[in-house]
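Please look through the sequence and the structure shown below. The briefing that follows takes up strands, backbone angles and surface charge in turn.

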Amino acid sequence: MIKSPVARLSFGLVMLTVSTMLFGQLLGVVPDTRSAELESRKVIAESLGVQVSSAIAVNDPEAATRTLRSVVSRNNSVISVGVRTAANELVAQAGNHAETWKVNLNDKSTATHVIVPLFKGKQRWGALEVHFGRLGTTGDRLFKGSFLSMLLFLGVFGFIAYQIFLRRALRELNPDAVIPARVRTALDTLAEGVLIVDAKEQIVFANQAFVAKTDLGHEELLGKPVNQLNWEIPDDIELPWVSLLRGDDANGSIELSLVTPVGNRYNLVVNASPISGGPGQPVRGVMATFDDITELEKANDELRHALTRLESNEKEIRRQNRELQVLATRDPLTGCLNRRSFFKGFDTLIADAKDNGTPLSCIMVDIDFFKKINDKFGHGVGDKVIRLMAEILLDSASPDDLVGRYGGEEFCVVLPGSDAEAAAVHAEKIRSTLLTGRCTPVAEMDLVTASFGVAQMGQEKIDATVLVDQADSALYTAKENGRNRVEVLNNEGACVIAPQAPASTTPKRVKGPDKDYVATLEVRIDELETALSLGTSDGVLERVTGMPGRQLLLDRTTQAIERAKRYRHHVVAIALRLDALPRVRDALGEMAAEKFRETALGIIKKTLRASDSIGVLQSKALPHSVARLDSEQIGLLLTDIEDIEQVPRIINRMQESLAVPQEIAGNEISLTADLGISVYPEDSLDAVTLLRHASAAMNAVTRDAGSERFRYYATEINTMSKRRLRLETNLHRAIEKGEFDVHYQPKVCMHSGKIVGMEALLRWNNPRSGTIPPDEFIPVAEQIGCMNAISQQTIKHVCKQIAAWSQAGLGDIPVAINLSPVEFHDAKLATRILSIVHEVGIDPALLEFEITESVVMENARAAADIMNTLSEAGATIAIDDFGTGYATLQCLTQFPVSVIKIDRSFMNGLLDNPQDAAVVNGVTSLAHTMGLSVVAEGVETVEQVDYLRDLQCDILQGYYLSRPVAADAARELLSNPIRIQSLVDGTRKNKILRPDAAGAQFLGLLNNTAAAEVD
């Protein structure tokens, strides 16, 4: 059996050709060689008969014999010849005619035995006998000139010719041949599958990675319609090459599945791009890349299952903690604070009132004749009376107030910001509500009444216990004087009856114990969830600073939401982070940081005090709470907000107050802050989520680092959080797979126009998400601890590129590399960098390290040690974004700086903004005075080049000269620098000096006699 496809095709073609010839002969369209041969034999016989007749006529038998012999020797078709008389006598012969001739004289001629009669005069003398071979034979060469020989020739030589032709034709038609061998080899090394299809959707190339995923052979794939593979894709999405071949634009990444003939399933992410002959030309094919995410999705599924189990465990832990929290902080019967938690919060409010100079009052409440109620109606009714009293107290309290069960039928209420007179009015409202609401647990009992004692915190040193004792003393007086009244302890220690206040007209009825208890548990569950989500402790008083803690803020938020439900108000939760606090702590110490925080808190509280809120809230006081959530976050609660549009004005006022520089440890520092805002009921219906959303919005402000310093919570925050999680995952993968690339932007000498160096700029081309901007992934890498690994890859890449340029004869090209501030937390940073430099084998002097001014505030001493080590090794140190940080001159004095890079933000206003021009002029003069070089980055116009030349700037960098380019393109720039040089030199001929007098005088560039040059 023939195995070769070419041989099989050749054999088939030969059989087809032979069959065609045979069929043609059958139809008579093939020339008849037998007729031609018979005619030829007739001519030979007749011609020979004439010659023999002539010899016989002269009676010369010898001449006849010679003629016969000559004919036999010269014609392969003639076997023998003889002349026979009429008497059957053979008188002349040639070729042993007597033995080979078997025909009688009178027989008819045949195709092989021809008889030609001979005459002498008119009488027949005899006959010429010619014996020919069989038709189609040539004597010694049997098949010469026959139809059979032609068929044999076509069979043998046609088979050989067809093989040669088909091999060459198939080589030309081989789909795999459209890809050069070196390209196929390169594509086969890729881990991602690569597939190329033509305009008819037939596969013309598949690399090894894709072939391995199909369970088919390479030969089976080539020429196969790509749609015949078993693809699984959602109904509303079509295969990417279909739309591209139709002329549509690429749709980005598409997820689909490929099921192989043996049942293997691969989940793939496909990116496709069209292949065309050029602009305006039709699409000739499509190239698609397949990223296998099967294992990744399996890992994600396992992670989701693990997360589900963790969440289940976390819920169980939360459930148990809820029970513990309720038992630890709340009275189970009433939902009020228990005695321990109440006194913790009380101490906090006293400290807050002392710091702010605000009043604070305490009310002791006792249910009248409670023992008689228990004795007469039983403890069940007594419990209902206690819950009734607690409900009225909690309902009348504001979010900042504390309501605790002091013991038995006694309660204690703390009113921050209220003096004794206001507290007495508050107590009288409670007494009237209890009295006029006709609140009785059972119909047959009398109305429930209560007595109240009020005391105010004075100027003397006082604590919660003393103030409670004073209020209890007033309460004792009220009970002695007839009960059902309010007594106030004045400054002299005497008690006076509080003025009567209008009673509430809303009756209060006792609720069932089950419903009350469930409501209390729900409140405490929300509190615990907030505590867990914010990482809180169970303390109300923050131990270090004495300021309100998380638990108290949560309690107040819960109360504020309950109050807002009744009055249809808004509650606003704000999470605030002082952005300079970590830098102050690192640079100036913990005491300065605490002073920094206290100063900020004082400003915030002052801004939100009633005396400062008139212009903001139309003469309404602004109820608020301020608490410390952790070492970095401050929580702020705004309650009873009727119009949500008031909030931006409050925030702006707060930020304006914080922006005023304050002196901290001999340094003037602006107390700028990032704020996240969430609003009840728009963003959440419970305290837990409200505080969590505020924190998420604040974190979004910090991450974005834009001009906006506050942000409202929105669903987009969740989207951003999910994208960040994907970004973190992909970052680790990118480091492992080496997905980062380095682009280079030339730095050009102002005076010569020559390229004097490059700046290395990191790029990340993610296979699934495309190009991710550095300002998006670098902050994430810094936060999750990946920056050191990325930086090491970048430095090694740059060092190898410097070596490659040098080996290519382009000279030693210095390259600048940006170092992240987080890298300076590693004391061995310089050692690691120099180790890479020595490993590659380049001169450290060819590296320039750019740092930002924020490095100084992070850890100046450690940064100085690292920079000194690098400088001593020969590397250059540059300050990037100069003029935008916090410690400009400190950078220049502490670090071995050789280069200053003026931030691009000053370039934008160089020609139009005198302030920006003054900064650039001042920085340039300062740098030259200190012997430093100046680099202007962000140069985009010829006018900026002219201006910088007049300022005697040393080096230019920006889009006007070149965008950041890949290494190959950078090599072209270094090989052919004439274009960039012409851009710099050309500006000298078209120099433009702005003639405005103010700018000229301000910059000191023109004197009174200078003439402005124009085009």
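Where is Pro-681 found? Pro-681 is found in the loop between strand 22 (673-680) and helix 21 (687-704), where helices (H or I, at least four residues) and strands (E, at least two) are DSSP runs, numbered from the N terminus. This is a predicted model, in which local features need pLDDT of at least 70 and side-chain atom pairs count only at pLDDT 80 or more, while totals for chains, interfaces and linings use all residues. Residues are numbered from 1 along each chain as its sequence is written, and side-chain values use heavy atoms, with hydrogens and water left out.

**Backbone angles**
- Most residues other than glycine have a negative phi, and most peptide bonds are trans.
- A cis peptide bond, with omega about 5°, joins Tyr-680 and Pro-681.
- Glu-201, in the loop between strand 5 and strand 6, has a positive phi near 65°.
- Asn-88 takes a positive phi near 70° in the hairpin of strand 1 and strand 2, which has four residues between the strands.

**Strand 1 and its partners**
- Strand 1 (78-85) and strand 2 (90-94) pair in the antiparallel sense over four bridges, pairing being assigned if DSSP finds at least two bridges between two strands; Val-81 stands opposite Ala-94 in strand 2.
- Strand 1 also pairs with strand 4 (residues 123-132) in the antiparallel sense, over seven bridges, and here Val-78 stands opposite Phe-132.
- Seven of the eight residues of strand 1 are buried, where buried means under 20% relative accessible area, exposed over 50%, and partly exposed in between (1.4 Å probe, protein chains only).

- An open sheet of six strands has the order 6-5-10-9-8-7, with antiparallel pairing; its edge strands are strand 6 (203-206) and strand 7 (231-232), each of which pairs on one side only.
- Three bridges join strand 5 (residues 193-198) to strand 6, and Leu-195 stands opposite Ala-206 in strand 6.

**Surface charge**
- Asp-347, Asp-463, Asp-469 and Asp-472 form a negative surface patch; patches are made of residues with over 30% relative accessible area and no salt bridge, like charges being joined within 9 Å and nonpolar side chains (Val, Leu, Ile, Met, Phe, Trp, Tyr) within 5 Å.
- A salt bridge is a side-chain nitrogen of Lys or Arg within 4 Å of a carboxyl oxygen of Asp or Glu.
- Asp-463 lies in the loop between strand 14 (450-456) and helix 15 (464-480), and Asp-463 is partly exposed, with a relative accessible area of 39%.

Notes: Accessible areas come from the Shrake-Rupley method with a 1.4 Å probe; for residues, only the protein chains shown count as cover. Lys and Arg count as positive and Asp and Glu as negative; His and the chain ends are not counted. The place of a charge is taken as NZ of Lys, CZ of Arg, CG of Asp or CD of Glu.
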